[in-house]
Amino acid sequence: MPGRLHSLSHRLLRHSLASTRSYAVQAPGTPAIEVFSSQTKYRHRERAAANATQSKAVDYLRDEVAARLCDRLLDIKRSFPRVLDFGSGACNIARILTQPPENDAEGQGEPIASRIGEIVCAESSPGLLHRDADLDFNNKISITRDVLQQPEYLPYEPASFDLALSSMSLHWINDLPSVLTQINHSLKPDAPLLATMTGGDTLFELRGSLQLAESERLGGIATHISPLADVRDIGNLLSRAGFKLLTVDVDDIIVDYPSIFALMTDLQAMGEANATLARGMGGLSRDVLLATEAIYREMYGEVQEDGTKTIPATFRTIHMIGWSEGEGQPQPLARGTGQADLTEILGGGGRLG
C-alpha cells in the first residue's frame, strides 16, 4: 500500500579535488568479488515486471526519487544531444523528463525533454525495461532501450554521451568503482553525471526490529537486508572514478505503511528484495514475523490525524553530481597560496580547540 512521503532536510557535502591521482579498478565485466547475486536480482526484477499493474502501483518511491534527480538537472543550463540512463528500470527518469518541472524557478514550464536529443535507457531486466514501452511519454522523447547482457558492463564507446543519469540502481552493483569509471569514460569532456542511490540508514527501523525479533526468538540474527554504501564513501568513489567538481547530499524519504507486511510486499513488488549471497535461504518464520511487527510498532508506530495506526519506513537517498574532466573547469588553488592566516581569523594564537 503506497504511503505518504515526507522529506527531511538534506545535508550537503562538497568535495574539492586537489590532485589528479589515478586508481586501479577492476576490469569491466563479471566482478571478482561478489556481495550481491546478479542472477537473483535479475529474477526479482523480471518477476516484478511480470505483474505490470502491481509494479506500477509501487513506483511511488522510484518516481519521487527520479523527480528529485531531475530537479537538480534544472540548474544545468545546457542541451544534451545524447543522454545515458544507467539502470533505468521502467524508464522512470525518461517519463519524468517529459513532464513540466514542478520546481522551475524561472517559471518557464518547459519539460527538460525539450533539451534532450536522445536518451539511452540501459537496464539488465528486459521485462522491466519494456514495461511502459506503450505509454504516451514515449512519443514525447526519443528513447533507445538497451538490454545490458552484464549488469556491470557498459558496452558504449568512450566520449559518447553528453550526460549520464542513474536512479536507484547503483546500490545493487558489486564493483561500484569499475562501473563509475566506465560511466566517466563514456562521457564527453566536461559532461555531468547525476545519480542517486539508496544507502546509509535505509530501512533502519525494519533492520533493527528484525534483529531484535530474531535474537529473542532464535538466539541469533541473519542477513535479511542488503548492506548499503555510506554517504561518506561516495565522494571517494567518485574521485577514484576520475570525476571532478563533486557534490554529494542526502535526502531521507519517509513512507507510512499500515504494517511490515505491506512494507515487505511493496519491496518485493519493486524488485528490491534481498539479493545478498549471504542471505538465509529459508525465509522468515511466522513467529519471527509477528515478533518483528510487534517490536516495530512499539518502537516506531505512529497514529495519524485520522486515527489510522501506521509505521514509518525511512529510505535514505544519496544524491551525487560529478563532472568528467574538461578544459575550462574551475581548479583548486595550489597548496600554500592562501592569502588569509587562519590563526588570526580564529584568534586562537595558533592553537585550535
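Start by selecting Asp251 and Arg68: both are buried (under 20% relative accessible area; exposed is over 50%, partly exposed in between, with a 1.4 Å probe and protein chains only). A word on what you're looking at: this is a predicted model, where local features need pLDDT of at least 70, side-chain atom pairs count only at pLDDT 80 or more, and totals for chains, interfaces and linings use all residues. Residues are numbered from 1 along each chain as its sequence is written, and side-chain values use heavy atoms, leaving out hydrogens and water.

Now show the side chains of Asp251 and Arg68, which meet in a salt bridge at 3.2 Å, N to O (a side-chain nitrogen of Lys or Arg within 4 Å of a carboxyl oxygen of Asp or Glu). Asp251 sits in strand β8 (residues 244-257) and Arg68 in helix α3 (residues 60-73), so this pair ties together parts 183 residues apart in sequence. Helices (H or I, at least four residues) and strands (E, at least two) are DSSP runs, numbered from the N terminus.

Next, pick Arg232 and Asp230, whose closest N and O atoms are 2.9 Å apart in a salt bridge. Arg232 is exposed because its relative accessibility is 66%, while Asp230, at 25%, counts as partly exposed.

Then select Lys56, Asp59, Asp63, Arg95, Arg131 and Asp132 together: salt bridges link them in a network.

Last stop: Ile96, in helix α4 (residues 92-97). Ile96 is buried, at 13% relative accessibility. Beyond its neighbours within four places in sequence, Ile96 contacts Asp63, Ala66, Ala67 and Cys70 (heavy atoms within 4.5 Å).
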